[in-house]
Amino acid sequence: MNEQTHLVVGPGALGRLVALHLAGVAPVKVAGRRGLPTTQTLVTPEGIRRTVPLDMTTLAELPPLAPAFLHLTTKAYDAHAAYESAMARLTGSPILVLWQNGYQVQPELQRRHPGPVLCASTTEGAWLSGDEGVTHAGRGITYLGDLIGRHAECCRQLAATLNRAGLVAEAVSDIERRLWHKLAINAAINPLVARYRIRNGQLRDRPFRPMVERIVGEVAAIMAKVGISPPPAGWHALVWQVIEGTADNRASMLQDVLAGRPTERDAILGPLLAAAHEHGLDTPCLKELYDYLASVSVTLR
């Protein structure tokens, strides 16, 4: 397993975090839209700086190769284009690993890709420190599974590799439920921190704490209607656990707003609002946040 190459497409915060860890246990190549320094610095949650050489390239210059794993770590709205660009340069059918937020891209690429497709649901927190590195702001856990239940061994092998690399991972048989759980977490955290330009931990304070509680209440009602069971401790406990664990993190949607990039509002809030509409649920908090993010996106363009 350690001899197999991992191609990471999408060198944002999550992509570089995954690549920098995997580089310690397996061959890694990273491809993006533009060139980046081949020496990257990882700042651990404890403040330790580690400088790691990475094999960096662009999608346009990606040489023909046959990696064992293709990790797609782009934003959800870029996933299809990045997948097509990468697969046009590759030989064979690598194991495709999808790290996107939301629950739109995963079933679509599951149908398109000729090889195994694994879905990753992670609570790792990271933010970019320029072109030269990434800060690992909060440790989490990554769940790995496949939507059709045929690739359990692939999930176990990749989970073992990530654990050796220093990222806690677990292969699971209920990844669809886990993806909905992650969607609940993202919906409760990302839009609020993006709107108010705050870090995750500030959600614990007023006036934001009651906002989180109201959003979780709306999400819980939607989940009940679509048949997604809550975690053992409940939805509120799940969300606050992640906020505590990633208190110093700048959520991905906040990073997008600050950088003037499009946000993943459709991937994160879209499925929830669609389900709410289908079941006749009133979700004023989620709708207001979606409308705000849509207006920001228009302004950015």
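Visitor: Which residue in S10 is the bridge partner of leucine 128?
Guide: Leucine 128 has valine 134 as its bridge partner in S10. This is a predicted model, where local features need pLDDT of at least 70, side-chain atom pairs count only at pLDDT 80 or more, and totals for chains, interfaces and linings use all residues. Residues are numbered from 1 along each chain as its sequence is written, and side-chain values use heavy atoms, with hydrogens and water left out.

Visitor: OK, and how many bridges join S9 to S10?
Guide: There are 4, and S9 and S10 (residues 133-138) run antiparallel. Strands here are DSSP E runs of at least two residues, helices are H or I runs of at least four, and both are numbered from the N terminus. Two strands pair if DSSP finds at least two bridges between them.

Visitor: What's the strand order in the sheet?
Guide: S4-S3-S10-S9, an open sheet of 4 strands with mixed pairing. S4 (49-53) and S9 (125-128) are the edge strands, each pairing on one side only.

Visitor: Switching topic, which strands does helix H1 touch?
Guide: H1 (residues 13-22) packs on the sheet and touches S3 (39-43), S4, S9 and S10. Contact means heavy atoms within 4.5 Å.

Definitions and conventions. Axes fitted to C-alpha atoms, helices over the stretch in contact; angles between N-to-C directions.
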